[in-house]
Amino acid sequence: MNTKVLNGLAALGGVVAAAAIGATVMIATGTYNVAATEPHARPVEWALRSTMERSVREQAEAVAVPAGVDVRDPALAARAIGHYSVACAGCHGAPGSERAPWMVLYPEPENLTRAEVVDRWSDGELYWIVKNGIKDTGMIALGPTHKEEDLWAVTAFVRQLPTMPKSDYEALVAKYQAEHAGHAHR
Ligand code: HEC
């Protein structure tokens, strides 16, 4: 190896070591601000979001939509109205409404009625997110407490949200509430 390459490697090693020491000092002294109201530095935010997106794509690769499940079937989505309106809408909004104003989270949960948010995920990836949740973000996992058919119904619901008219959503909620008056959500 010539001296130029060696000097380059030494400089790179120095930068890596300095970054590692900087991070350790920050962790040890508590100077990094974990407040949900204070965004991460741009590179940290990029690293976390990229980790999440790549992880979901990798983990969900083996997910296959079961035979007989059509995530574009409105009847399948309708079965998830209780789940979505009770367990998701407060964070992710619904046709005609934003998330609850007090749901101040970081990272911010996206509004799932926006096509560009939902369309970047395949059906298997949406199912994986709903089933497993996302670490350290507030995104919940339904897998441990819900049946497979419910997970696919919620997946269908999310897939159809961007094109679901407000009147359809509100009619489903009204029907669900009438049927479940006096019962806790299960
Ligand atoms: C307490 C708030 C909260 C609840 C409740 C919640 N989520 Fe999330 N969800 C989040 C957050 C925060 C993220 C963003 C995670 C990230 O950016 O890494 C997220 C991400 C997602 C994503 C990926 C969207 C994207 O950012 O590209 C989907 C899909 C999703 N949630 C669906 C659901 C569904 C369906 C439910 C109900 C079963 C639900 N979530 C309930 C907070 C929540």
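**Walking through the model**

Guide: Proline 43 is in helix H2. Keep in mind that this is a predicted model.

Visitor: Is proline 43 buried or exposed?
Guide: Proline 43 is exposed, because 8 other C-beta atoms lie within 10 Å, and the cut-off for exposed is 12 or fewer.

Visitor: How many residues of H2 are buried?
Guide: Zero of its 18 residues, so by the burial count H2 is hardly covered.

Visitor: And what span should H2 have at 1.5 Å a residue?
Guide: The 18 residues of H2 should span 26 Å, and the end C-alpha atoms are 26 Å apart, which agrees.

Visitor: What is proline 39 in contact with, leaving aside neighbours within four places in sequence?
Guide: Proline 39 is in contact with Glu45 and Tyr106. From proline 39 to glutamine 59, 20 residues along the chain, the C-alpha separation is 27 Å.

Visitor: Tyrosine 106, then. What kind of peptide bond joins it to proline 107?
Guide: A cis peptide bond, with omega about 5°. Most peptide bonds are trans. Proline 107 has its place in the loop between H4 and H5.

Visitor: Which residue other than glycine has a positive phi?
Guide: Aspartate 136 has one, near 55°. Most residues other than glycine have a negative phi. Aspartate 136 is in the loop between H6 and H7.

Visitor: Buried or exposed, that aspartate 136?
Guide: Aspartate 136 counts as exposed, because it has 8 C-beta neighbours inside 10 Å.

Visitor: Change of topic: the ligand. Which residues come nearest?
Guide: There are 23 residues around the ligand, and Cys88, Cys91, Pro109, Thr137 and Met139 come nearest.

Visitor: Which elements give two or more residues to that shell?
Guide: Helices H2 (42-59), H4 (81-92), H6 (123-132) and H7 (148-160) do. The most come from H4, with five residues.

Visitor: What does the shell look like by class?
Guide: The shell around the ligand has 17 nonpolar residues, four polar and two charged.

Visitor: Stay with H4. Why does histidine 92 count as buried?
Guide: Histidine 92 has its place in helix H4. It counts as buried because it has 21 C-beta neighbours inside 10 Å, where the cut-off is 20 or more.

Visitor: What does histidine 92 touch, not counting residues up to four places away in sequence?
Guide: Histidine 92 touches Arg99, Pro109, Glu110, Asn111 and Leu112. Of these, Pro109 is also one of the residues that come nearest to the ligand.

Visitor: And how far from histidine 92 to alanine 156?
Guide: Their C-alpha atoms are separated by 15 Å, with the two residues 64 apart along the chain.

Visitor: Now the core. How many residues has the largest nonpolar core?
Guide: It has 24 residues, and those with the most contacts inside it are Ala80, Tyr84, Ala153, Val154, Ala156 and Phe157. Helix H3 (74-78), H4, H6, H7 and helix H8 (166-179) each give two or more residues to this core. H7 gives the most, with seven residues.

Visitor: Which residues is phenylalanine 157 in contact with, neighbours within four places aside?
Guide: Phenylalanine 157 is in contact with Ala77, Ala80 and Tyr84.

Visitor: What is buried in H7?
Guide: The buried residues run through Leu151, Trp152, Ala153, Val154, Thr155, Ala156, Phe157, Val158 and Arg159. The buried residues of H7 pack against H3, H4, helix H5 (115-118) and H6.

Visitor: What about the span of H7?
Guide: Its 13 residues should span 18 Å at 1.5 Å a residue, and the end C-alpha atoms are 18 Å apart, which agrees.

Visitor: Last one. How far apart do the C-alpha centres of domain 1 and domain 2 lie?
Guide: They lie 35 Å apart. Domain 1 covers 3-49 and domain 2 covers 54-179.

Key:
Residues are numbered from 1 along each chain as its sequence is written. This is a predicted model: local features need pLDDT of at least 70, side-chain atom pairs count only at pLDDT 80 or more; totals for chains, interfaces and linings use all residues. A residue is near a molecule or strand if its C-beta atom, placed from the backbone, lies within 6 Å of it. Helices (H or I, at least four residues) and strands (E, at least two) are DSSP runs, numbered from the N terminus. Ala, Val, Leu, Ile, Met, Phe, Trp, Tyr, Cys and Pro count as nonpolar, Asp, Glu, Lys and Arg as charged, and the others, Gly among them, as polar. Domain bounds come from an automatic or database domain assignment. A nonpolar core is a set of buried Ala, Val, Leu, Ile, Met, Phe, Trp, Tyr and Cys residues joined through C-beta atoms within 7 Å. Two residues are in contact if their C-beta atoms, placed from the backbone, lie within 7 Å. The expected span of a helix is 1.5 Å times one less than its number of residues.
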